[in-house]
Amino acid sequence: MRRFRAPGEREAGERAWNVVRATYQAREPVTWPRRHARPLAVGALVAAVVAAALSPPGRSVVRSLRKAVGVEHAEPELFSLPAAGRLLVSGPGGAWIVNADGSRRRLGPYRDASWSPHGRFVAATRANELLALDRKGNKRWTLARRMPRFPTWTGTRTDTRIAYLSAGRLRVVAGDGTGDHPVGPAALVAPAWRRGRGRMLAYAKRARVIVYSVDARSPILIKRFGGARKLAWSDDGRLFLVVGARGVRVYGLQGVLFAEDNPPKGSVDVDAAFMPGSHRVAVIRATPSASKVLLLNARRNLFSGTGIFRQLTWSPDGRWLLVTWPTANQWVFVRDGHQHRIVGASRISAQFGGFPHVASWCCGR
């Protein structure tokens with residue numbers, strides 16, 4: 001047993017502990033000092049090996065550990081996307097655009113980023129500044145605001161709005177940088193615009209989720225929900241989902257519960273996303289040692305692996321689901337249906353200067 005070392009074992013263990021803390025304890029990532037992460041990661045791995053040696057099915061446990069972290073035969077780099085469109089990502093290495101052919105462009109040292117409705121521009125943030133950029137990274141306008149976070153854009157080609165957070169308040173500004181105004185206090189959760197007629201968005205405030213009409217400047221729905229971490233709308237605007245400490249809830253516009261996921265004891269729902277053009281919802285359910293992706297409406301597993309999955313993003317055509325896997329330092333693309341496929345890309349952190357957050361997969365045409 002002393003000769004056994006899974007590939008990337010030490011690095012994967014350290015990444016897993018960092019991701020678990022970031023996901024379960026705070027909205028903002030929290031980095032552990034290396035001197036704390038290393039003993040815990042090594043201790044967990046030693047315990048697993050000892051259990052494998054002493055239990056009757058020990059050989060099978062060892063075999064699973066050898067190939068536990070990451071998709072086998074994954075590409076060494078992200079050479080291309082499996083579907084049309086462009087990814088927008090941001091993280092420690094700044095904001096990047098990833099094209100379908102795998103080419104990447106760094107926009108700059110921005111913390112958050114969001115596509116405009118048709119993917120022509122990008123809203124981004126850095127310390128005390130909200131910016132609009134073109135796809136080459138050129139600035140169109142800037143707005144000085146205290147600690148701006150989570151810009152999200154909605155509208156038509158000629159009339160758009162950007163919602164964002166600043167110093168604990170939700171604010172809305174026109175797409176040309178004019179007419180900025182506050183909405184009210186908000187939790188540190190990205191707001192989500194509803195598609196369709198009427199400018200409505202969902203945002204979190206203390207132990208509530210609020211659906212707000214920007215045109216009427218008044219709330220339409222107030223729903224009690226503690227610990228919200230993510231908000232999202234279905235494409236048709238009829239449903240919105242909330243990911244929180246109690247699991248995933250899907251509501252209708254009148255606040256009626258449409259679907260829910262209640263993870264069993266010892267596990268949490270990390271992320272959820274509507275499939276484009278449908279009411280189907282993919283969910284990441286995780287324990288401290290393993291994660292799986294399931295379809296909420298179908299109660300069917302799509303993908304599972306060791307460590308922590310962080311995020312789900314659908315391709316514009318709804319055929320591929322991107323699963324980000326920090327523990328393995330991979331992005332995994334999963335295709336569901338009769339042509340089920342799994343395609344992995346490795347060394348994601350090295351390509352983006354750190355493991356990034358995926359803002360969205362935009363514009364299939």
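Q: Does Thr 154 count as buried or exposed, and at what relative accessibility?
A: This is a predicted model. Thr 154 sits in strand β8, which covers residues 148-155. Buried means under 20% relative accessible area. Thr 154 therefore counts as buried, at a relative accessibility of 16%.

Q: Which residues does Thr 154 touch, not counting residues up to four places away in sequence?
A: Contact requires heavy atoms within 4.5 Å. With residues up to four places away in sequence not counted, Thr 154 touches Pro 117, Asp 159, Thr 160, Arg 161, Trp 193 and Arg 194.

Q: What is the geometry of the pair formed by the rings of Trp 96 and Phe 352?
A: A search of the whole structure gives 9 aromatic pairs. In the pair of Trp 96 and Phe 352, the ring centres are 5.6 Å apart and the planes stand at 90°. Planes over 60 degrees apart count as edge-to-face. The pair of Trp 96 and Phe 352 is therefore edge-to-face.

Q: How many residues apart in sequence are the parts that Trp 96 and Phe 352 tie together?
A: Trp 96 lies in strand β2, residues 94-98. Phe 352 lies in helix α4, residues 348-352. The pair therefore ties together parts separated in sequence by 256 residues.

Q: Is the aromatic pair of Phe 303 and Phe 309 stacked or edge-to-face?
A: Both Phe 303 and Phe 309 are buried. Their rings lie 5.4 Å centre to centre, with 15° between the planes. Planes under 30 degrees apart count as stacked. The pair of Phe 303 and Phe 309 is stacked.

Q: Which charged end sits over the ring of Phe 352?
A: Phe 352 forms one aromatic cluster with Trp 96 and Trp 331. A charged end sits over the ring of Phe 352, 5.6 Å from its centre. That charged end belongs to Arg 104.

Notes
Residues numbered from 1 in each chain as written. Predicted model: local features only at pLDDT ≥ 70, side-chain atom pairs only at ≥ 80, totals over all residues. Heavy atoms only, no water. Helix = DSSP H or I, 4+ residues; strand = E, 2+ residues; numbered from the N terminus. Buried < 20%, exposed > 50% of the residue type's maximum accessible area, 1.4 Å probe, protein only. Phe/Tyr/Trp six-rings, centres within 6.5 Å; stacked < 30°, edge-to-face > 60°. Lys NZ or Arg CZ within 6 Å of the ring centre and 35° of its normal.
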